Amino acid sequence: MSQAEQTNYAVVLSLDSVLLSVVNTAYKEYRELMVVSVSNCPAIWEVEVNSKWKLLNVELQTWLEERWKNKSVQVNLYEQIEADLSKMTMTKPYMGALRRTYSPALWILYRQSVNHKAIHLKIQRLQVDNQLPDAYFPTVLYPLPVPAYILKKVGPKPFIEFVAMRQTIPEKNVDSMRNIKLLIQEFNLKLDKGFMLSVLDMVDWNFDPGETSNFQSDLILSQRSLQEVACISVSI
């Protein structure tokens, strides 16, 4: 939002996981085609040592996360690990403040002010699984692991992140997009013939004659020069 404007209202949607089953109804018996899942990333636990945040090892992070979910307060393990999860501090094996970073599977923020509208969307991990019995590739789409040097430099990033801001000033006849950003991490896409044909079976190819006529008109209009289109608009 603009620094001179205050947000009138904001809406936040946060989901721990999303599961969508796609069923093909083109056959006499319904057949599940794919499962689209959006999942979260494991929580990240860090401890502050010498004014720097140190990432704990996987085993210790997993142990702390289990205690956190069980709503434990004072936790210890064989007098080798001691922490206070209510105060978020650790005394063994390191002494310092604890920090837990959690990213939900789907996170959406919508904000609106007098002249601005903004949306921010994050999808942590997206996976598409082929449910056909004769699937050659069981997993159709899945994100690749982020390289270690990128994680060290910028930290973990969602698989998909989208940001857009729209500005409208009616009295000045201004309607513009001030900012649009889209981030998609590297991913694997594997398609086999059976899966693609099943997807095509779900598409209704019966076009409305009116839509075809409008498409032809738009196609003819797109072949004209900008000056001709401007003259037609002025005459109308």
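This is a predicted model: local features need pLDDT of at least 70, side-chain atom pairs count only at pLDDT 80 or more; totals for chains, interfaces and linings use all residues.
Local features need pLDDT of at least 70 and side-chain atom pairs count only at pLDDT 80 or more, while totals for chains, interfaces and linings use all residues. Residues are numbered from 1 along each chain as its sequence is written, and side-chain values use heavy atoms, with hydrogens and water left out.

The account begins with the sheet. Five strands form an open sheet in the order β2-β3-β12-β13-β16, with antiparallel pairing. Strands here are DSSP runs of E with at least two residues, helices are runs of H or I with at least four residues, and both are numbered from the N terminus; two strands pair if DSSP finds at least two bridges between them. Because β2 and β16 (187–189) stand at the edges with a single partner strand each, one side of each is left without a neighbour in the sheet. Neighbouring strands of this sheet are turned by 15° against each other on average, direction ignored. Axes are lines fitted to C-alpha atoms, for helices over the stretch in contact, and angles run from 0 to 180 degrees between N-to-C directions.

Strand β2 is joined to the antiparallel strand β3 (residues 31–39) by eight bridges, and L20 stands opposite V36 in β3. Helix α3 (residues 193–201) lies across β2, β3, β12 (125–130) and β13 (139–143), and runs at about 100° to β3.

N24 lies in strand β2 (residues 17–24). At 2% relative accessibility, N24 counts as buried; buried means under 20% relative accessible area, exposed over 50%, and partly exposed in between, with a 1.4 Å probe and protein chains only. Leaving aside residues up to four places away in sequence, N24 touches E29, Y30, R31, S198, D201 and M202, where contact means heavy atoms within 4.5 Å. The side chain of N24 reaches the backbone oxygen of S198 at 3.2 Å.

Helix α1 (residues 58–69) is the next element. Its 12 residues reach 16 Å from the first C-alpha to the last, close to the 16 Å expected at 1.5 Å a residue; the expected span is 1.5 Å times one less than the number of residues. L60, Q61, W63, L64 and E65 are buried in α1. An α-helix has 3.6 residues a turn, so residues three or four places apart point the same way. The buried residues of α1 pack against β4 (44–49), β5 (52–55), β6 (74–77), β7, β8 and β9 (96–101). At the start of α1, a side-chain oxygen of N57 reaches to within 3.3 Å of the backbone nitrogen of E59. Just after α1, K71 takes a positive phi of about 60°.

Charged pairs complete the picture. Side chains of opposite charge can pair when their charged atoms come close. A salt bridge is a side-chain nitrogen of Lys or Arg within 4 Å of a carboxyl oxygen of Asp or Glu, and by this rule the count comes to five. One of them joins K92 to E82 at 4.0 Å, N to O. Since K92 lies in strand β8 (residues 89–92) and E82 in strand β7 (residues 81–84), the pair ties together parts that are 10 residues apart in sequence. K92 is partly exposed at 33% relative accessibility, and E82 is partly exposed at 27%. Another salt bridge links R166 and D175, whose closest N and O atoms are 2.7 Å apart. R166 is partly exposed at 36%, as is D175 at 49%.

Technical notes
A polar contact is a pair of N or O atoms within 3.5 Å; within protein, one must be able to donate a hydrogen and the other to accept it, and residues adjacent in sequence count only if both atoms are side-chain atoms.
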